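Subject: Structure handover and notes

Hello,

Please find the structure below. My notes on it follow.

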Amino acid sequence: MKYRNIEKAKFLSRPNRFIAQVEIDNRVEIVHVKNTGRCRELLLPGCDVILEKSENPNRKTSYDLICVYKDGLGWVNIDSQVPNKVVREWIESLPPLFRDVSLIKPEYKYGKSRMDFYLERNKGDKKVLIEVKGCTLEVDGIGYFPDAPTIRGIKHLMELSEASKVGYECYLIFVIAMPEVKKVLPNMGTHPEFGYSLDKAVKAGVKVVYLECNVTEDSISAEGYSEYPM
């Protein structure tokens, strides 16, 4: 996907999880942060960030903060709305993993959850559920998820596990929204329960996919994938 109307700025501070102060054209601007995660290792004072200017004149903030430059790594996309868009574009390109997809439904209600995608393969003979997670936390070339506790993430893993047991083909897709990172591990230091739930889901038949991305100042797109274990 590609952004329009982007501008570069300097990050100053983040008063709360919804807004940030940035310096743009020698002025301080309050902008919306499109990610409620902590992003502490990314949003450091003085770092370069990318903003997208809103087309809505009635908004309280004129910009969204969508991308951060991390020294030694490159641009990291922190727009929490992007992972699903990237996965949809990728599935529609019919990669080897999903070359026989005949139906795509986003925001599909299953059990007590709303899964990111429901697919049908082989002309409807195979039903697929997909949950998407965006990864922006990198340590020594490895991605980690989550960067903050996620009860919702555990709930989705439980639903996928149960669906797998009754015949669905189930996937957890990690969209790696940064360059050079090829796999994601559970962040046991931040939320060990997610790691335990992921292990149970894999044993129940849930497949884990690492979707590598090409990230630039104004775009993000899938460029390769691998499956767990690797």
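The largest nonpolar core has 43 residues, and V49, L51, L65, V68, I78, L129 and F174 make the most contacts inside it. A nonpolar core here is a set of buried Ala, Val, Leu, Ile, Met, Phe, Trp, Tyr and Cys residues joined through side-chain atoms within 4.5 Å. Buried means under 20% relative accessible area, exposed means over 50%, and partly exposed is in between, with a 1.4 Å probe and protein chains only. A second core of 29 residues is separate and includes Y3, F98, I130 and I220.

This is a predicted model: local features need pLDDT of at least 70, side-chain atom pairs count only at pLDDT 80 or more, and totals for chains, interfaces and linings use all residues. Residues are numbered from 1 along each chain as its sequence is written, and side-chain values use heavy atoms, with hydrogens and water left out.

Two residues show how the packing is made up. I78, one of the residues with the most contacts in the largest core, touches V33, K34, N35, C39, L42, L65, I66, C67, V68 and T136, leaving aside neighbours within four places in sequence. Contact means heavy atoms within 4.5 Å. A177 sits in the loop between β12 (169-176) and β13 (184-186), and counts as buried because its relative accessibility is 4%. Not counting residues up to four places away in sequence, A177 is in contact with W75, V76, N77, C135, T136, V215 and I220. I220 also belongs to the second core. G143 is 34 residues from A177 in sequence, and their C-alpha atoms are 9.6 Å apart.

Overall figures

The protein has three helices and 15 strands; these are DSSP runs numbered from the N terminus, helices being H or I of at least four residues and strands E of at least two. The C-alpha trace spans about 60 × 35 × 30 Å along its principal axes.

Of the 230 residues, 50% count as buried. Among contacts between residues at least 6 apart in sequence, 60% join residues at least 24 apart. The accessible surface is about 11,500 Å², with 49% of it belonging to carbon and sulfur atoms; areas come from the Shrake-Rupley method with a 1.4 Å probe, and for residues only the protein chains shown count as cover.

Backbone points to check

Most residues other than glycine have a negative phi, and most peptide bonds are trans. Which peptide bond has omega of about 0 degrees? The bond joining F145 and P146 does, and it is cis. P146 is in the loop between β11 (142-145) and α2 (151-165). The bond from Y228 to P229 is also cis, with omega near -5 degrees, and P229 lies in the segment after β15 (220-227).

K123, in the loop between β8 (113-121) and β9 (126-135), has a positive phi near 60 degrees. K123 is exposed, with a relative accessible area of 79%. E180 has a positive phi near 70 degrees, is in the loop between β12 and β13, and is exposed at 67% relative accessible area.

Regards
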